[in-house]
Structure formats: structure tokens, C-alpha cells
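This report describes aromatic pairs, charges over rings and the nonpolar core of one protein model. The sequence and structure come first, and the text follows.

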Amino acid sequence: MGFPKGKTDRNAVVLAGLRIAVGVLFLIFGQYKVFGTQFTLGGGFQSWINRFVADGAYPFMVPVLREFVLPHGTVIAFLVAYGELAIGLALVTGVLVRTASVFGVVYMLTLLFSSNYPGAHAPIWQYFGASLSHSVLALCFAAFVAGDADRVWSVSPYFRKSRIE
């Protein structure tokens with residue numbers, strides 16, 4: 001399913017632009033965590049998790065955060081740091097976009113349920129309002145999984161060509 005020479009599908013270009021923009025955000029999020037030590041080795045990750053537990057996690061996530069995440073905090077901090085960097089690289093380059101986006105959806109939902117609880121008696125709209133920082137990115141990742149986000153502005157076709165030749 002190609003496009004006429006010289007013409008590019010505007011939807012493919014827009015989706016690729018969104019993919020790259022989200023990828024740049026994740027490169028920014030990941031690079032300071034990977035190349036610095038405050039988040040991974042300096043207790044930054046654990047500090048965030050403790051804040052989530054104290055004020056913000058959905059009730060079903062609190063035991064997971066306390067009993068699994070915090071005891072393995074350093075290892076998980078490295079997974080988060082390198083995961084964000086890998087997602088960013090995948091989206092910017094257009095390589096393994098669907099795989100990275102599946103991980104992105106899971107990551108965003110994990111963050112949403114760990115940090116965006118508006119309270120037991122909050123009206124339904126507050127659940128959506130509290131989750132905007134994570135739900136919007138989760139929806140972007142879902143679009144990258146469902147669509148052909150790597151159709152344009154991607155290095156993937158160059159890898160496919162080199163394997164065929």
C-alpha cells in the first residue's frame with residue numbers, strides 16, 4: 001500500500017510528527033535519569049514512590065508499591081530510566097514503534113494508578129481530570145500501536161531493505 005510518488009498521506013505525517021514529539025519527551029525524561037544518579041542511585045525514585053503511597057495512589061496499588069516496588073527500588077529505578085530512554089529512541093527513530101508503544105501504554109497506566117487517585121468520593125470527571133498527564137500519553141501510545149506510526153519519518157524501512165538485499 002504505497003503512495004503516489006511525491007505525495008505523502010497527511011495522516012501518516014501527522015501521526016509520525018506526534019510519534020516523534022512524544023519520543024523527544026521520553027528522551028528528555030530518560031536521559032537525565034540515565035546520565036545522572038539522583039533518580040537511580042540517589043533515592044529519587046524511592047522518594048516519588050513514597051509520595052505516591054502517602055498521597056495519590058489508587059488503593060489497590062498501595063500494597064504493590066509498598067511491598068514490591070519499594071523493596072526493589074534501585075532495580076526498578078534503572079528499569080524506568082532505561083525504559084523511558086528506549087521508548088524515546090524507538091519513537092524518534094521509528095524502530096520497534098509498536099513494541100515500545102505497548103510498553104508505553106503499560107507504563108502510563110502504571111503511573112496513572114500509582115499517582116492520580118482523586119479520592120473515593122470524587123465525581124467521575126475528577127478521575128479523568130486527575131489523570132490527564134498520564135492518560136493523554138497512554139492514548140498517544142495506543143494510537144501508535146493501532147496505526148502505522150512508523151510509515152513515514154522512520155529509519156525502519158532502511159533496516160528492512162538491508163535485510164532483504
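## Lys33 and its surroundings

Not counting residues up to four places away in sequence, Lys33 touches Phe39, Thr40, Ala81 and Glu84, where contact means heavy atoms within 4.5 Å. The model is predicted: local features need pLDDT of at least 70, side-chain atom pairs count only at pLDDT 80 or more, and totals for chains, interfaces and linings use all residues. Residues are numbered from 1 along each chain as its sequence is written, and side-chain values use heavy atoms, with hydrogens and water left out.

Lys33 is found in helix α1. Helices are DSSP runs (H or I, at least four residues), numbered from the N terminus. With a relative accessible area of 8%, Lys33 is buried; buried means under 20%, exposed over 50%, and partly exposed in between (1.4 Å probe, protein chains only). The Lys33 side chain makes a polar contact with the side chain of Glu84 at 2.7 Å. A polar contact is a pair of N or O atoms within 3.5 Å; within protein, one must be able to donate a hydrogen and the other to accept it, and residues adjacent in sequence count only if both atoms are side-chain atoms.

Lys33 also lies over the face of Phe39. A charge sits over a ring if NZ of Lys or CZ of Arg is within 6 Å of the ring centre and within 35 degrees of the ring normal.

| Charged residue | Ring | Distance to ring centre |
|---|---|---|
| Lys33 | Phe39 | 4.8 Å |
| Arg51 | Trp48 | 4.2 Å |

## Aromatic pairs

How many aromatic pairs does a search of the whole structure find? The search finds 12. In Phe26 and Phe29, the ring centres are 5.4 Å apart and the planes are at 70°, so this pair is edge-to-face. Rings of Phe, Tyr and Trp (its six-membered ring) pair if their centres lie within 6.5 Å; planes under 30 degrees apart count as stacked, over 60 as edge-to-face and the rest as tilted.

Phe26 and Phe29 are 3 residues apart in helix α1 (residues 10-35), so about one helical turn separates them. Phe29 is partly exposed at 32% relative accessibility, whereas Phe26 is buried at 0%. Phe26 also forms an edge-to-face pair with Phe141, 5.4 Å centre to centre and with 75° between the planes. This pair links distant parts of the chain, as Phe141 is in helix α7 (residues 132-146), 115 residues from Phe26. Phe141 is buried too, with a relative accessible area of 0%.

Elsewhere, Tyr58, Phe60, Phe113, Tyr117 and Tyr127 form one aromatic cluster.

## The nonpolar core

A nonpolar core is a set of buried Ala, Val, Leu, Ile, Met, Phe, Trp, Tyr and Cys residues joined through side-chain atoms within 4.5 Å. The largest one has 30 residues, and those touching the most other members include Val22, Phe26 and Phe141. Helix α4 provides the largest share of this core, 6 residues. Outside its sequence neighbours up to four places away, Val22 touches Leu91, Leu137, Cys140, Phe141 and Phe144.

Notes. Helix = DSSP H or I, 4+ residues; strand = E, 2+ residues; numbered from the N terminus.
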